[in-house]
Amino acid sequence: INVLSELPGEWRDRLARWADLNDRYRRDAREVTSPSRNDEYLLYQTLLGAWPPGELDEKRLRDFSDRIKGYMEKAIREAQVNTSWTDPDEEYEAGVAHFVEALLSSEAPFFPEFLPFQRRVARLGAINGLSQTLLKFIAPGVPDVYQGNELWDFSLVDPDNRRPVDFGLRKRLLADLKRLDTSSAASLLEDSAWQDGRPKLYLIWKALGLRREKPDLFEGGEYLPLETSGECAAHLVAFARRRGVELAIAVAPRLCAHLVDESGPLLPAPEKWAGTLVRLSGELAGATYLNVLTGEKVTVEERDGEASLPVNALLRDFPVALLTTDGR
């Protein structure tokens, strides 16, 4: 959902188009139509945020529709505008449920309008998710993983977010990742792999492994923000952790809506980062690094008289970078 703030014009146009297209499904309820424009907006936003990955057959679509109807009932009652827990308006709520069912029919004209935009938002959201995951595990503090969030999580509010977690699936995927050669991490970014959450699980596994190897660094190491430069400098977050001779560097993209293609691997093309640098100083500049996520050795280069890491090399094969001193 955060991605929508990067696409305000397109989002506004989509909303207007969808409202016109779906007006036929609205019902009158007392002095308002059901759903109200605000509730309709909430529905579209919710569909974008919670849409499951992969193809939806009739059963999956029906199950998803039931989840959305339950969520919308809870949301509109708690808003206390057109209905509430203490004074439910059954006519209004029935109109909202009907609207949801009509939209989430595989034959509805809304589908071909919605799905291309949903796929684009999902790709950008996945990159955001990887950036947030890296920052959470490398920044100062103790990282916490909510139940089941080792993979992408599309749960709504309770009771949806208390559904049983498929730990068996997570164990199988992790076992597969442990057999993956680190140099093949880019294979996790293809459509057939990233949608089930494997890149996130891989990142968590690698980040936790580094924390286990260097507990003192992450328990008491300094936090050092790093300067970025170049045309896309504002699209990066970069910082280092340092304790004595131990070092780790995290580099994560942000605001990627205009950097990522609508198809292909899940990362900006390396040429988008051309000329963008992470600047290093002091002992950070004199170290040699290993990218924990790709297995690549990373060479510090001198650019404009300063020690730098070229971002197009750091993020060539994975959307985020986690570096540690070579030799661990």
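**A walk through the model**

Guide: Let's begin inside the sheet. Leu 224 has Ala 240 in β5 as its bridge partner. Keep in mind that this is a predicted model.

Visitor: How many bridges do β3 and β5 pair over?
Guide: β3 and β5 pair over 4 bridges, in the antiparallel sense.

Visitor: And what order do the strands of the open sheet come in?
Guide: The order is β3-β5-β6-β12-β8-β9. That makes 6 strands, and the pairing is antiparallel.

Visitor: Which strands stand at the edges?
Guide: β3 and β9 (297-298) do. Each has a single partner strand, so one side of each is left without a neighbour in the sheet.

Visitor: What about its partners?
Guide: β6 and β12 pair over 4 bridges, antiparallel. Ala 248 stands opposite Thr 324 in β12. Strand β8 (residues 289-291) is joined to β12 by 3 bridges, also running antiparallel. There, Asn 291 has Leu 323 in β12 as its bridge partner.

Visitor: New topic. How many residues has the largest nonpolar core?
Guide: It has 99 residues. Among those with the most contacts inside it are Ile 68, Ile 138, Ile 249 and Val 278. Leu 280, Tyr 289 and Leu 314 are on that list too.

Visitor: Which helix gives the most to this core?
Guide: Helix α5 (residues 110-138), with 13 residues. In general, nonpolar side chains tend to be buried together in soluble globular proteins.

Visitor: Back to Val 278. What is it in contact with?
Guide: Leave aside its neighbours within four places in sequence. Val 278 is then in contact with residues including Leu 226, Ala 238, Val 251, Ala 307 and Leu 314. Glu 227, Thr 228 and Ser 308 are among its contacts as well.

Visitor: Now the aromatics. How many aromatic pairs are there?
Guide: The count comes to 15 aromatic pairs. Take Trp 18 and Tyr 44: their ring centres are 5.3 Å apart and their planes are at 65 degrees, so the pair is edge-to-face.

Visitor: Where do Trp 18 and Tyr 44 lie?
Guide: Trp 18 is in helix α1 (residues 8-21) and Tyr 44 in helix α2, so the pair ties together parts that are 26 residues apart in sequence.

Visitor: Buried or exposed, Trp 18 and Tyr 44?
Guide: Trp 18 is buried, and Tyr 44 is too.

Visitor: Which residues form one aromatic cluster?
Guide: The cluster includes Trp 11, Trp 18, Tyr 41, Tyr 44 and Trp 51.

Visitor: One more residue. Where does Ser 36 lie?
Guide: Ser 36 is in the loop between β2 (32-34) and α2 (37-50). It counts as buried, because its relative accessibility is 16% and the cut-off is under 20%. Not counting residues up to four places away in sequence, Ser 36 touches Arg 26, Asn 82 and Tyr 92.

Visitor: And the whole thing? How many helices and strands has the protein?
Guide: It has 11 helices and 12 strands. The C-alpha trace spans about 70 × 40 × 35 Å along its principal axes. Of the 328 residues, 48% count as buried.

Notes:
Residues numbered from 1 in each chain as written. Predicted model: local features only at pLDDT ≥ 70, side-chain atom pairs only at ≥ 80, totals over all residues. Heavy atoms only, no water. Helix = DSSP H or I, 4+ residues; strand = E, 2+ residues; numbered from the N terminus. Buried < 20%, exposed > 50% of the residue type's maximum accessible area, 1.4 Å probe, protein only. Contact = heavy atoms within 4.5 Å. Core = buried A, V, L, I, M, F, W, Y, C linked by side-chain atoms within 4.5 Å. Phe/Tyr/Trp six-rings, centres within 6.5 Å; stacked < 30°, edge-to-face > 60°. Pairing = 2+ DSSP bridges.
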